[in-house]
Amino acid sequence: MTKNWEVYAFRYAAMPERYEAELFIGGRPDANWGMDYFFWMLRSGTEVIVVDTGANAAKMPAKGRTPLISIEDALAGVGVKAEDVSQVFLTHAHWDHIGNLDSFPKAHFWIQQAEMASITGPDMTFAKIRGAYQADEVQRLVGLVYEDRITFLDGDGCFADGVDYLLMPGHSAGQTALRISTTSGQLLLASDAVHYYREAAEELCFLAFNDAKAMLSSLRRCKAEIAGDWDRMIPGHDPQVTWRYPAETHLSNGDPVALRVDLAPIKGLEL
Amino acid sequence: MTKTWKIYGIRYATQNGRLASHTFLWGSAEEELAGLDYYSWVLVSDDRAIVVDTGGAERKIKGLGRQWIASPLDGLKELGVDPSNVEDVIVSHAHWDHVGELAAFPKARFYMNDLEMESITGEDMTFAVMREAYHAEEAQQLVGLAYEDRLTFLRGDGQFADGIDYTLIGGHSAGQIALTVQTDRGPVVLATDAIHLWEEVEKERAFLIFHDLRQMLKGYRKMNQMVAGDLTRLLPGHDPLIKDRYPIVKKHGDEPFILDLGGVI
């Protein structure tokens, strides 16, 4: 019998203004979608898998993002100590996903081989593709290899009982989604394979990519995974995630931090 | 008319003996060899100096019990080449004894094969035995150079400059390249570590450290073919016989330090 997992999305930062023209090819300059920043956690009993590490707080202001809570505090709010976490799954290596590797000193990390090859290789000779990565963070990943703290994945596979990983290339060479068993059924944690629900629904072309066609093909694969049930999908940056799901912890201003995205949504979806 | 180059080998360290069991696959622990010499190289023409590999860091060479002769950077200066102004450094592969002085070339563009970068930052390095000859901080420095837009990735075979071609040999490392350099006495293949010792080619004896055994062995044959069997035109990366066979340009004390590897034998 497959193990079921609780799935948390932690909203650690937000950009209240993010316009369609900055997000998608052909986007309108006056349509504000906003952008939320998440990292995630799977929990089953006492076993914890952290998914991505968020952006480094010190780097966010210069990039126009507002940090709302630290990674450590977000996890502490649901009873998890970052310093004790033993497993961290990295969906890809963009700056807003691997900014806090050292918050997890005891962890082993997993990432696609294709992502590592891309972020250290000829892809990085293109300034526009290089722009979403940070040299020091990539160097830290290299360091982890030599510390024997990384395992490289190749394509699709089983990560744990009830957790499969799916390579969804395009946004980045090694972008990965997770298919997770929960008490509500199977959930697709798309991460940045799908940034916004509407991106997948309308096959919009996100403006930051490694391979546009692959990215669009991956949108289709994600849609096929959820078989028409949008509650099965958790996009990587959609503010609708923040307001649709029950929150276990909040900021002092009442905004949600820890969302239980494996539970039934409490609000409808606008597509 | 193709440009010709001078090839200088800078012998910056040496080793006083080495067991065959530490050198060749199936080598005997009873067989004593002469030990490896350590080189950095520079290709010089009228208007340009291209460094090939930087040599290993002094503290690492000494830490392994090798005998340090003099800094490869001093060797360059003796040849009238200022490391701080060098514009091009070719990295034949990223083993520690070849990339120990990357920071000594602040103005240089570096050139390395793409498969080498993938190997030193990827799955290959999760195998401890494959990780042995690579060091994390040097792999990180190479990544840093890529992000500063100072690393050009070479792919496969091609022309580097007028009179200098590169060939992907692989084998010893995933991205090991050899250079074919036009000199006054015709083309010379600078194998660097595609061949450590002439004996590897002469007797098809496999060097003990490799990424892909078959690729390395096929590489020996390929390079032999490239020089049409004339091994005086095939320069190994570590052979102690080099100092005895090529003209010495400069000594450091008693030790041959700079050799003219494109010179007349």
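## The second largest pocket

The second largest pocket comes in at a volume of about 500 Å³. Keep in mind that this is a predicted model. There are 26 residues lining this pocket, and those closest to its centre are A:A132, A:H171, A:F206, A:L207 and A:A208.

Sorted by class, the lining of the second largest pocket has 12 nonpolar, seven polar and seven charged residues. The largest share, three residues, comes from α4(A).

## The largest pocket

Over to the largest pocket, with a volume of about 580 Å³. It is lined by 26 residues, and B:R18, B:E132, B:A133, B:F207 and B:I209 lie nearest its centre.

## A five-stranded sheet in chain B

Chain B has an open sheet of five strands, running in the order β10-β11-β12-β13-β14 with mixed pairing. At the edges stand β10 (158-161) and β14 (234-236) of chain B, each with a single partner strand, so one side of each has no neighbour in the sheet. On average, neighbouring strands of this sheet are turned by 25 degrees against each other, ignoring direction.

Looking inside the sheet, strands β11 (residues 164-168) and β12 (residues 177-183) of chain B pair up antiparallel over five bridges. As part of β12(B), B:T180 is the bridge partner of B:D165. Helix α7 (residues 213-226) of chain B packs on the sheet, where it touches β11, β12, β13 (186-192) and β14 of chain B. The direction of α7 makes about 155 degrees with that of β11(B).

Notes: Residues are numbered from 1 along each chain as its sequence is written. Chains are lettered from A and ligands numbered from 1 in the order in which they are written. This is a predicted model: local features need pLDDT of at least 70, side-chain atom pairs count only at pLDDT 80 or more; totals for chains, interfaces and linings use all residues. Side-chain values use heavy atoms; hydrogens and water are left out. On a 1 Å grid over the protein atoms alone, a cavity is a set of points where a 1.4 Å probe fits but cannot get out, and a pocket is an open set with protein on both sides within 12 Å along at least five of seven lines; lining residues have an atom within 4 Å of a point. Grid points are joined across faces, edges and corners, and a volume is the space filled by probe spheres set on the points. Helices (H or I, at least four residues) and strands (E, at least two) are DSSP runs, numbered from the N terminus. Ala, Val, Leu, Ile, Met, Phe, Trp, Tyr, Cys and Pro count as nonpolar, Asp, Glu, Lys and Arg as charged, and the others, Gly among them, as polar. Two strands pair if DSSP finds at least two bridges between them. Axes are lines fitted to C-alpha atoms, for helices over the stretch in contact, and angles run from 0 to 180 degrees between N-to-C directions. Contact means heavy atoms within 4.5 Å.
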